[in-house]
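Student: I would like to go through this model step by step, from the overall fold down to individual side chains. Could we begin with the structure itself in view?

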Amino acid sequence: MFVLFNELVISNNLENIFDDLLSVEEVKTHKPHPNVYNIPVKKYKIEKNRFIYLSANTWDVSAAGNFGFNAVWVN
């Protein structure tokens, strides 16, 4: 599935827009599992309280906040 994710980005000419792409395929689970939120922590070796997580989904903001991110809900 990770290959499909990259193929979607490329086929829509978006590969030059993003510096990096992260996928739940790396941890083989989905949000709100903590392993998903831990992907950027491990990759960038930055403490989780230094991240800001933005989402329009209240459940996602709640889960990210419970994980330790600074979470912002965007209405």
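Student: How many helices and strands does the protein have, and in what pattern do they follow along the sequence?

Tutor: This is a predicted model, and its secondary structure comes to three helices and two strands. Read along the sequence, these elements follow the pattern α-α-β-α-β.

Student: Which element of the protein has the highest mean pLDDT?

Tutor: Averaged over the protein, the pLDDT is 90, and 93% of the residues score at least 70. Among the elements, the lowest mean, 74, belongs to α1. The highest mean, 97, belongs to strand β2, residues 70-73.

Student: What share of the 75 residues is buried?

Tutor: The C-alpha trace spans about 35 × 25 × 20 Å along its principal axes, and the accessible surface comes to about 5,700 Å², of which 55% belongs to carbon and sulfur atoms. Of the 75 residues, the buried ones make up 23%.

Student: Is Asp60 buried or exposed?

Tutor: Asp60 is placed in helix α3, and its contacts, leaving aside residues up to four places away in sequence, are with Lys31, Tyr37, Tyr53 and Ser55. Its relative accessibility is 2%, and because the limit for burial is under 20%, Asp60 counts as buried.

Student: Which side chain makes a polar contact of 2.9 Å with the side chain of Asp60?

Tutor: One of the residues that Asp60 touches is Lys31. The polar contact of 2.9 Å runs between the side chain of Asp60 and that of Lys31.

Student: Which backbone nitrogen does the side chain of Ser55 reach?

Tutor: Ser55 lies in strand β1 and, at 10% relative accessibility, counts as buried. Beyond four places in sequence, Ser55 touches Asp60, Val61, Val72, Trp73 and Val74. At 3.0 Å, the side chain of Ser55 reaches the backbone nitrogen of Asn57.

Student: How is Asn57 classed by its relative accessible area, and what separates its C-alpha atom from that of Val72?

Tutor: Asn57 is placed in the loop between β1 (52-55) and α3 (58-67). Its relative accessible area is 36%, which lies between the limits of 20% and 50%, so Asn57 is partly exposed. Asn57 and Val72 are 15 residues apart along the chain, and their C-alpha atoms are separated by 9.8 Å.

Student: Which residues form the nonpolar patch on the surface, and how much accessible area do they have together?

Tutor: Leu54, which is found in strand β1, has a relative accessibility of 56%, and because this is over 50%, Leu54 counts as exposed. The patch is formed by Ile52, Leu54, Val72 and Val74, whose accessible area together is about 370 Å².

Student: Where is Val24 placed, and what separates its C-alpha atom from that of Leu8?

Tutor: Val24 is in the loop between α1 (2-11) and α2 (34-44), and with a relative accessible area of 23% it is partly exposed. Not counting residues up to four places away in sequence, Val24 touches Thr29, His30, Val36 and Ile39. Val24 and Leu8 are 16 residues apart along the chain, with their C-alpha atoms separated by 15 Å.

Student: Among contacts between residues at least 6 apart in sequence, what share joins residues at least 24 apart?

Tutor: The count here covers the whole protein and takes in contacts between residues at least 6 apart in sequence. Of these contacts, the share joining residues at least 24 apart is 19%.

Conventions:
Residues are numbered from 1 along each chain as its sequence is written. This is a predicted model: local features need pLDDT of at least 70, side-chain atom pairs count only at pLDDT 80 or more; totals for chains, interfaces and linings use all residues. Side-chain values use heavy atoms; hydrogens and water are left out. Helices (H or I, at least four residues) and strands (E, at least two) are DSSP runs, numbered from the N terminus. Buried means under 20% relative accessible area, exposed over 50%, partly exposed in between (1.4 Å probe, protein chains only). A polar contact is a pair of N or O atoms within 3.5 Å; within protein, one must be able to donate a hydrogen and the other to accept it, and residues adjacent in sequence count only if both atoms are side-chain atoms. Contact means heavy atoms within 4.5 Å. Patches are made of residues with over 30% relative accessible area and no salt bridge: like charges are joined within 9 Å, nonpolar side chains (Val, Leu, Ile, Met, Phe, Trp, Tyr) within 5 Å. Accessible areas come from the Shrake-Rupley method with a 1.4 Å probe; for residues, only the protein chains shown count as cover. A salt bridge is a side-chain nitrogen of Lys or Arg within 4 Å of a carboxyl oxygen of Asp or Glu. pLDDT is the predictor's confidence in each residue, from 0 to 100.
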